[in-house]
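I opened this entry to record what I looked up, starting with strands and ending with the nonpolar cores.

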Amino acid sequence: MTGGSQVLSADAIAALVDAAREGRLPEEAPTPQRRRRMRAVDFTRPTKFTSDQERRLQRTLEAFCRTAATRMSAELRVPLELEVINSSQLTWANAHAQVLAGSIDAIADIEPIGTRLMMSAEPSLVLGAIELLLGGTDPSTQAERRLSDIDWALARHFFDRMLAQLSVIWTDMVQLELAVSQLETHLETAQMVSVSEPTLTFTMEARFNGVSSTIAMLLPWSAIAPVADRFAARDDAPDRGEEEIRRVRRAVGGVDMTVRAEVASVELPIEQVLALQPGDVLRLEAPAEGGVTLFADKVPVHRAKPGRSGSRRAVQITDRVRRPQ
């Protein structure tokens with residue numbers, strides 16, 4: 001007799017028998033239980049925006065960077081470069097906390113749905129733009145300062161021009177317009193929406209005259225919720241010119257394709273197929289006047305009438321097969 005891997009002596013066995021008679025058997029050690037596996041969930045990383053929506057929004061921002069850079073370079077009289085460098089989906093509280101302290105926030109109304117988004121720029125960028133708008137030539141020498149009423153008016157002008165370019169793109173793509181409603185310091189916009197609101201954040205780098213700054217756009221889910229389906233739609237395929245169409249046709253024009261004419265078809269169990277004999281008649285359940293169908297490989301493309309061309313069998317195309325969209 002063994003207990004685990006230990007061999008018991010005769011005296012030990014006798015002691016166990018006596019203990020069993022008296023009801024004094026030792027309690028068995030509890031069987032260890034496997035712990036349930038726990039999976040960590042990061043609630044600061046919401047997934048409300050789909051990948052299609054995020055991709056489409058990023059493309060609008062990339063187009064905005066190109067057009068806004070051209071417009072603002074002309075207005076500020078120095079070359080300005082804009083580039084999308086990052087995007088992330090967070091809660092509003094976490095997205096807002098990642099924006100640099102002291103930034104200037106522009107609250108933009110989205111019409112006609114009456115929602116809002118936020119575009120935030122570092123103070124060095126805003127102060128540099130103000131210096132250039134006032135006729136200066138070296139925005140890198142601007143030290144951070146408390147903005148005067150004139151500074152706020154020029155900062156409003158800067159954001160108006162920037163968001164006007166994004167508004168043109170959104171109007172063309174999703175029929176929405178943007179307009180700056182107010183400017184605030186960054187802390188004052190903390191409660192613009194609920195702290196747990198899923199928010200898509202895009203970070204753009206602005207480079208001009210040796211100065212590098214960042215612009216952040218915070219887009220809460222509630223800002224596009226009424227028209228979310230517009231952002232979920234895939235981008236339309238670009239229009240192709242006649243020359244490109246001809247090139248594609250030439251590229252595939254030499255590919256061999258099997259074309260066959262089919263009168264009709266019917267499905268039979270295998271036992272009926274094996275039982276077919278010469279002279280048997282199969283009902284195809286298709287009227288003779290319906291003609292035949294031309295297939296390109298396995299795809300039906302045309303309806304046709306059977307006939308002859310000289311000594312060869314032939315078909316005459318009568319109509320195109322219209323497949324459901």
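I worked from a predicted model, in which local features need pLDDT of at least 70, side-chain atom pairs count only at pLDDT 80 or more, and totals for chains, interfaces and linings use all residues. Residues are numbered from 1 along each chain as its sequence is written, and side-chain values use heavy atoms, with hydrogens and water left out.

I took helices (H or I, at least four residues) and strands (E, at least two) as DSSP runs, numbered from the N terminus. I called two strands paired if DSSP finds at least two bridges between them.

Strand β4 (residues 104-111) pairs antiparallel with β5 (residues 115-121) over seven bridges. In that pairing D109 stands opposite R116 of β5. The β4-β5 hairpin has three residues between the strands, and G114 takes a positive phi near 70°. I also found β4 antiparallel to β6 (residues 177-185), over eight bridges, with I104 opposite T185 in β6.

I then checked burial (buried: under 20% relative accessible area, exposed: over 50%, partly exposed in between; 1.4 Å probe, protein chains only). Six of the eight residues of β4 are buried. Of the 12 residues of α8, zero are buried, so α8 lies largely in the open.

For cores I joined buried Ala, Val, Leu, Ile, Met, Phe, Trp, Tyr and Cys residues through side-chain atoms within 4.5 Å. The largest nonpolar core has 55 residues, and I215 is among those with the most contacts inside it. Helix α5 (residues 149-174) gives the most to this core, with 10 residues. A second, separate core of 10 residues includes I107 and L218.
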